[in-house]
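Please look through the sequence and the model below before reading on.

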Amino acid sequence: MAAEIVNPRSESTTDHTGNEGGAEPLDSFDPAFALHRGGKMAVQATVPVRDKDDLSLAYTPGVAKVCSAIAEQPELVHDYTWKSSVVAVVTDGTAVLGLGDIGPEASLPVMEGKAILFKQFGGVDAVPIALNCTDVDEIVETVVRLAPSFGGVNLEDISAPRCFEIERKLQERLDIPVFHDDQHGTAVVTLAALRNAARLSKRALGELRAVISGAGAAGVAIAKMLVEAGIGDVAVADRKGVVSADRDDLTPVKRELAGFTNKAGISGSLEVALAGADVFIGVSGGTVAEDAVASMAEGAFVFAMANPNPEVHPEIAHKYAAVVATGRSDFPNQINNVLAFPGIFAGALQVRASRITEGMKLAAAEALAGVVGDDLAADYVIPSPFDERVAPAVTAAVAAAARAEGVARR
């Protein structure tokens, strides 16, 4: 039975809402609860319904003409409904932020938050959908059945390794973009920041050796994207050490990972891999000892992205690293997915892309890095989420890449 949360300032036995036990509403003393009361979003009409003439156009009989036209020419659905401007934000609640498997209902505040970020930063409407199932095939079948209503699917907070299979199966069955943001959004922003860190140090990506702590959704996607972008080498470490071909305990995803990473053939712990490394990327939530950070190459980059506690505290990282980034908003260089996913979906929807390709993601990273421009500095390798140039730059780059790669349909 869940423990009751009681406002210690309250001594009454019944509050003004009639709650048994006398606890004041949580939002009477916590601004986070006050903001969330009633939810953070609503549906709003884009056309007026002021009189019977409006009603006859917005609904029956006028709507029947539009329905009949779409039935005859299905592609008209993109022009005469919201389909091409709305994304489903889908979760099963199994890997929510740093909270873990908290279930679909408890995930809804996060999904609502994601939806309003889509609108705020990309002009894209989004609908939170929390599913009461965790089986891979059940999730896939459910999303496939929902897909006619949406122009894209953003998978969110689904635990690894199921998230990889769910995304792959949906991409095979749907002709709209399916994007697992925990993987690819994180990878895009990380690559953008790393591009600028390398530019600041007058080095090419091909000269860098990176070590990633965490072989979950984000770690695997970052490794793939860094390899696609031409990183010199990258090794990924899980709880048992570096993911390498000589291990006999690897999952299929990690076996694949071992096949295209760790060209140096490093075995052993994360600390062993960090010795002499140029880049540390943390997406694990663990803690890295200071002496391991000190063993990295001169002029190293430390991207410690776990929230709320980075794998390496910035005060420690700054002792040894030329560039430090975290996932937190209270330190410079925040690696924040909101820099990527709104513009990526806006660009894909703009051209009615059938999917989001590796080229589109690489284009997003390059555009995001380019926003920094001549203002590049050690404490500014990635722009702020509130920089109004970000979404338009990413949107345009993704749309252009979709056309170049032949997945655009307009």
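## The six-stranded sheet

Six strands form an open sheet in the order β7-β6-β5-β8-β9-β10, and their pairing is mixed; helices (H or I, at least four residues) and strands (E, at least two) are DSSP runs, numbered from the N terminus, and two strands pair if DSSP finds at least two bridges between them. At the edges stand β7 (241-242) and β10 (321-326), each with a single partner strand, so one side of each is left without a neighbour in the sheet. This is a predicted model, in which local features need pLDDT of at least 70 and side-chain atom pairs count only at pLDDT 80 or more, while totals for chains, interfaces and linings use all residues. Residues are numbered from 1 along each chain as its sequence is written, and side-chain values use heavy atoms, with hydrogens and water left out.

Strand β5 (residues 209-213) pairs with strand β8 (residues 279-282) in the parallel sense over four bridges, and here A210 stands opposite V279 in β8. Helix α8 (residues 181-200) packs on the sheet and touches β8, β9 (300-304) and β10, where contact means heavy atoms within 4.5 Å. The direction of α8 makes about 160 degrees with that of β9; axes are lines fitted to C-alpha atoms, for helices over the stretch in contact, and angles run from 0 to 180 degrees between N-to-C directions.

## An enclosed strand

β5 also pairs with β6, in the parallel sense over five bridges, and I212 stands opposite V236 in β6. Six of the six residues of strand β6 (residues 233-238) are buried, so it is largely enclosed by the rest of the structure; buried means under 20% relative accessible area, exposed over 50%, and partly exposed in between (1.4 Å probe, protein chains only). D233, A235 and A237 point one way from β6, whereas V234, V236 and D238 point the other way, and all are buried.

## The four-stranded sheet

A further open sheet is made of four strands in the order β2-β1-β3-β4, with parallel pairing. Because β2 (125-130) and β4 (178-180) stand at the edges with a single partner strand each, one side of each is left without a neighbour in the sheet. From one strand to the next, the twist averages 25 degrees.

Strand β3 (residues 152-155) pairs with β4 in the parallel sense over three bridges, and the bridge partner of N154 in β4 is F179. Two helices can be followed across these strands: α7 lies across β3 and β4, running at about 170 degrees to β4, and helix α14 (residues 341-350) lies across β1 (86-91), β3 and β4, running at about 160 degrees to β3.

## The nonpolar cores

In soluble globular proteins, nonpolar side chains tend to be buried together. A nonpolar core is a set of buried Ala, Val, Leu, Ile, Met, Phe, Trp, Tyr and Cys residues joined through side-chain atoms within 4.5 Å. The largest one here has 104 residues, of which L170, L174, L194, L226, F303, I344 and M360 touch the most other members. Helix α15 (residues 358-372) gives the most to this core, with 10 residues.

I344 touches F179, V188, I356, A364, V394 and V398, when residues up to four places away in sequence are not counted.
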